[in-house]
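Trainee: Could you walk me through this structure, one feature at a time? I am new to it and would like to learn how to read it.

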Amino acid sequence: MVGWPLPVRAARLSRARAGAARPPGLGLRIGNVVLCQLAWLAAVAGAARGHAMFGCLAVVAVLAWHLAVAARPGREALLLVAVTLLGLAAETLQLRLGFIRYAGQPQDALWPPPWLLLLWPLLGCMLNVSLRWLRQRPLLASVLAAIGGPAAFASGVRLGAARFVDAPAALASLAVLWAVLMPLMLALARRLDGVAPHE
């Protein structure tokens with residue numbers, strides 16, 4: 001028979017598939033965490049001080065960097081769009097529940113501010129890089145998000161970018177929302193993985 005013996009061929013195919021699924025390098029993971037956290041801080045602090053545009057520019061710069069280093073930027077861009085649409089729905093729901101208000105917005109605002117929406121694709125940048133290890137752990141991802149999501153929002157409140165109208169209700173609704181959304185976003189990330197070089 002021409003070609004490798006079947007067991008050898010299967011082993012090499014298995015190794016090739018494993019290589020395609022290998023996580024990004026340590027340098028990229030560290031850069032991903034550091035840049036996303038700095039951009040988050042710039043956006044939130046900028047909104048709190050009435051300079052939301054500067055924070056938005058920082059986030060856009062990180063998004064551009066993320067797509068520039070992605071192996072398949074088109075797929076990764078689709079993921080960022082999908083995560084942004086989920087974020088628009090989630091933040092609009094939160095706003096209309098009336099538990100939260102944002103700096104610089106009128107009391108009767110119906111839509112979340114642009115700087116807040118930009119934080120969602122920023123999170124999307126992390127799904128296939130520094131949060132990649134959670135993709136196969138949906139239950140753990142849900143639990144961590146139920147804790148981390150409200151904690152991050154509370155940090156934004158302390159910085160002055162938002163305020164709680166009803167803190168217990170806001171934190172409870174945020175916990176439920178994040179517990180549901182994080183596994184969903186990680187599933188989308190797995191399907192639209194633009195960081196890995198191969199299918």
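**Reading the structure step by step**

Mentor: Gladly! Glycine 46 is buried, because its relative accessible area is 10% and under 20% counts as buried. Keep in mind that this is a predicted model.

Trainee: Where does glycine 46 lie, and which residues is glycine 46 in contact with beyond its neighbours within four places in sequence?

Mentor: Glycine 46 belongs to helix 2. Setting aside the neighbours within four places in sequence, glycine 46 touches Leu41, His51 and Ala52.

Trainee: Let me step back. How many helices and strands does the protein have?

Mentor: There are 7 helices and 2 strands. Starting at the N terminus, the order of elements is α-α-α-α-β-α-α-β-α. Of the 199 residues in the protein, 41% are buried.

Trainee: What share of the contacts with a separation of 6 or more comes from residues 24 or more positions apart?

Mentor: Such residues account for 75% of those contacts. Valine 62 gives you a case to look at. This residue sits in helix 3, and valine 62 counts as buried because its relative accessibility is 7%. Cysteine 36 is 26 residues away from valine 62 in sequence, yet the C-alpha to C-alpha distance is 6.9 Å. Beyond the neighbours within four places in sequence, valine 62 is in contact with Leu35, Cys36, Ala39 and Leu122.

Trainee: How do I read two helices that pack together?

Mentor: Two packed helices are described by the angle between their axes and by the distance between those axes. Here, helix 2 (residues 26-48) and helix 5 (residues 114-127) pack at about 175°, and their axes are 10 Å apart. Helix 2 and helix 5 are therefore roughly antiparallel to each other.

Trainee: Which residues of helix 2 and helix 5 meet?

Mentor: On the helix 2 side, look for Asn32, Cys36, Gln37, Ala39, Trp40, Ala43, Val44 and Ala47. They meet Trp115, Leu119, Leu122, Cys125 and Met126 in helix 5. Sorted by class, this contact has 11 nonpolar residues, 2 polar ones and no charged ones.

Trainee: Is helix 5 largely enclosed or largely open, and why?

Mentor: Helix 5 is largely enclosed by the rest of the structure, because 12 of its 14 residues are buried. Among the buried ones are Trp115, Leu116, Trp120, Pro121, Gly124 and Leu127. The cover over the buried residues of helix 5 includes helix 2, helix 3 (52-69), helix 4 (73-97), strand 1 (100-102) and helix 7.

Trainee: Where is the place of leucine 110?

Mentor: You will find leucine 110 in the loop between strand 1 and helix 5. Leucine 110 counts as partly exposed because its relative accessibility is 48%. Apart from the neighbours within four places in sequence, leucine 110 is in contact with Thr92, Leu95 and Arg96. Leucine 95 is 15 residues from leucine 110 in sequence and 6.8 Å from it in space, C-alpha to C-alpha.

Trainee: Now for the pockets. How much space lies in the largest pocket, and which residues lie nearest its centre?

Mentor: The largest pocket holds about 690 Å³ of space. Its lining has 29 residues, and Trp40, Leu123, Gly149, Ala152 and Trp178 lie nearest the centre. The elements giving two or more residues to this lining are helix 2, helix 5, helix 6 (138-159) and helix 7 (167-191).

Trainee: Which element gives the largest share of that lining, and how do the lining residues divide by class?

Mentor: Helix 6 gives the largest share, with 8 residues. By class, the lining of the largest pocket divides into 24 nonpolar residues, 4 polar and 1 charged.

Definitions and conventions: Residues numbered from 1 in each chain as written. Predicted model: local features only at pLDDT ≥ 70, side-chain atom pairs only at ≥ 80, totals over all residues. Heavy atoms only, no water. Axes fitted to C-alpha atoms, helices over the stretch in contact; angles between N-to-C directions. Helix = DSSP H or I, 4+ residues; strand = E, 2+ residues; numbered from the N terminus. Parallel < 35°, antiparallel > 145°, perpendicular 65-115°, else oblique. Contact = heavy atoms within 4.5 Å. Nonpolar A, V, L, I, M, F, W, Y, C, P; charged D, E, K, R; others polar. 1 Å grid on protein atoms, 1.4 Å probe; cavity = no way out; pocket = protein on both sides within 12 Å on 5 of 7 lines; lining within 4 Å. Points joined across faces, edges and corners; volume = space filled by probe spheres on them. Buried < 20%, exposed > 50% of the residue type's maximum accessible area, 1.4 Å probe, protein only.
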